[in-house]
Amino acid sequence: MNLLKKPLMAAMLGVSTLGLSVSAPTETQATGTVPIDVWALRDVVNAVQISPDGKHLLVHINPSREGDYLLQIYKTDDLSKPFRTLNADPMEITGAGWVSDNLIFGSAWQIKRESVRRQEGDVRNYASYFYNLDTNKFQQIEGNFSIVERLPDEPNHILIASGAAVDGGLGNDPAAAFRPRSYFKLNLETGSRELVMRGTSKYANVTFDNKGNARYAQGIDSDLKIKSFYRRPGETNWKQFGEEIDQNDPDNLYRLLAGFFGVVGFHHENPDLGYIIDTRDGDDKAALWLFNFETEQYVEKLFQAEDADVMGIGLHSIPGNDKLAFASYPGEKMMRHWFDEEEKALYEALEQQIPYAHQLSISSRSYDGRTMVVFNNGPRDPGSFWLVKDGQLAKLGSRNPLIDPQQLSDVKFIRYPARDGKLTIPGYVTVPKGEPPFPLIVLPHGGPAVPEVVTYDEWGQLLANAGYMVLQPGYRQTVGWGKKHFDLAYHEHGGTMQDDKDDGALWLVEQGLVDPDRMAMFGWSYGGYAALVAAARENNIYQCAIAGAAVSRPEIWYNDIKRGIRAKALDDWFQGRGVYYGTNPYKEVDKVNIPLLMVHGEDDSRVLLYHMTDYQKAFEAAGKQGEFVTLKDADHFYRTLMYTHQQQFYTKMLDYLANDCGPGGL
């Protein structure tokens, strides 16, 4: 591999260059416990991207504990100081990316309202912008837009779409995946935009190629069946293909809600061929297929993993090269099955030279392929950015430069049997330093119908650093592990879904790794719901529960969202989340039998604050003792949690576990 020479390990954008106002760890801290102030930092370097010509680096950075994100632009031939430093005061820059050699497109937000007034509301206003490096000027674009394609053949244009990006139906808005969006070609010189396509309910979710051709669409007709359409480059008429998916059939729920089924790319040479993730012939796990749109034939099964779904693909890392490089599927990390030997060799060379290499990705690369930015994260790396230029490798920065890798803990991938004998549950165990048996925190992910592959997890590492083993179980309904794994969770909120979490804890006890008298559950969102359920279970195996942003009143939540649900199977699925089926924590307050801590953001837009305040009133009326903490001005999502929110939350959680979690603390 000639692209990489002897590595240059100099930290070009080290802590001092970033101007970070937090003190670096002392020598004692470097080998012991990480201070909460370090864990509480927002990501210091959030993103780094190389310009298409390889001459400039764009760095999205937060140089102080309580400040806003800035953009810094560096010349790649002089990384000693920023060439430009940009902000969007009074707004905060939330994202940015190169769309040509000298133009940047991005987004910003600003808090404008005092409170969240409705489900999925927001206290923020949003704006899009582009910035011209040559003129050193910003231009705001009215409305909230996202990039669809960068159009490498048209350097002065990009393809953008209005409205929120499709979330796959995984949130509280089941209609989001098929809400029509409008697509525009934006002129980056003048700021004018030209309508390319106005979405309709029939052609709602549209996929374009890198030439700006609309090639694939999905939509819903009045019969509530999802239909797929295709057209060749240059054509204007859509051709329906494939099976229609009936949303009223519960057997289709995994396909509807998993978020990865369907067309994922197009062949780099033949416009009639594309790549589809699908299950065929009764398979439980989704595979990657080569599909002929003209003949409507599945030509070849390109790859299928034994124990997991194929969840995506990767193309060649040079922009504009649409050659298929790999298929990805969950395992001990997001695994790759390679199709491109050149890309495979490049990744292997990078893995040999980047310390603690785990989940590597080439996040951006110049058109000539000679310059690239590589991102790595894993159990021993909070997220680091690396520059490859002229055959040399240099570290650019880190999402948390104040953590020494030796302070972090290893993460082990495990599988354990469910008590009903129907499944083997995947899970991730973060192992603290010391000798077992350890106290245990069961940390279920939110969603719950989302994938989870644990690489670097701040909460898991924070708890392990405090001496706790952490289990993050892939309980049934976690996507990526097959249709059966999902379907067996139907109407099992608080039932077998909860058993899966407890079974993981008890399995670790059987292995001699965990003290059975020192176990707790902590979760956020759905994970917070699971913690409330755990607090009220009979024959409780836990000493306490910590419920963050927990859904406690699913019947009110359902009433807020049901107007967007038209299909019977989807409606029934949402009712099964503790509404008419499954466990409703609010109705089981009197059954709580262990200490409970609830934490909630004041401005939570996904799980509104009433979930905690209503539960607290019922809890105290039942004569129970617990603690309830409101994070002022905090929203639901990690990127909205500021330094002060995390400092308050982490301080309270660790103190609660040590002193109030059962007799004598955990």
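In this predicted model, leucine 657 is in contact with Ile441, Leu463, Tyr468, Ala520, Cys544, Ile546, Gly665 and Leu666, when its neighbours within four places in sequence are left aside. Leucine 657 also belongs to the largest nonpolar core, a group of 52 residues. Together with Leu57, Leu463, Phe522, Phe649 and Met653, it touches the most other members of that core. Helix H13, which covers residues 643-659, gives the most to this core, namely seven residues. Apart from this core lies another one, of 47 residues, which includes Ile245, Ala305, Ala327 and Tyr329. As a general background, nonpolar side chains in soluble globular proteins tend to be buried together.

Attention may now turn to helix H8. Its 15 residues, 496-510, should span 21 Å at 1.5 Å a residue, and because its end C-alpha atoms are 20 Å apart, the two values agree. Is H8 mostly covered, or mostly open? The helix is mostly covered, with 11 of its 15 residues buried. Among these buried residues are Thr496, Met497, Lys501, Gly504 and Leu508. The elements that cover them include strands S28 (410-417), S29 (424-431), S30 (438-442), S31 (469-473) and S32 (514-524), as well as helix H9 (526-535). After H8 comes glycine 512, whose phi is positive, near 80°.

A further part of the structure is a sheet. Four strands form an open sheet in the order S5-S6-S7-S8, with antiparallel pairing. Strand S5 (92-98) and strand S8 (137-141) stand at the edges; each has a single partner strand, so one side of each is left without a neighbour in the sheet. On average, neighbouring strands of this sheet are turned by 25° against each other, direction ignored. Within the sheet, S5 pairs with strand S6 (residues 103-111) in the antiparallel sense over six bridges. Glycine 97 stands opposite phenylalanine 105, a residue of S6. In general, the strands of a sheet pair through backbone hydrogen bonds, either parallel or antiparallel.

Arginine 42 is located between helix H3 (36-39) and strand S1 (45-50). Why does arginine 42 count as buried? Its relative accessibility is 9%, and the term buried applies under 20%, so arginine 42 counts as buried. Not counting residues up to four places away in sequence, arginine 42 touches Asn62, Gly67, Tyr69, Glu92, Arg399, Arg639, Leu641, Met642, Tyr643 and Gln646.

How values were computed: Residues numbered from 1 in each chain as written. Predicted model: local features only at pLDDT ≥ 70, side-chain atom pairs only at ≥ 80, totals over all residues. Heavy atoms only, no water. Helix = DSSP H or I, 4+ residues; strand = E, 2+ residues; numbered from the N terminus. Expected span 1.5 Å × (residues − 1). Buried < 20%, exposed > 50% of the residue type's maximum accessible area, 1.4 Å probe, protein only. Contact = heavy atoms within 4.5 Å. Pairing = 2+ DSSP bridges. Axes fitted to C-alpha atoms, helices over the stretch in contact; angles between N-to-C directions. Core = buried A, V, L, I, M, F, W, Y, C linked by side-chain atoms within 4.5 Å.
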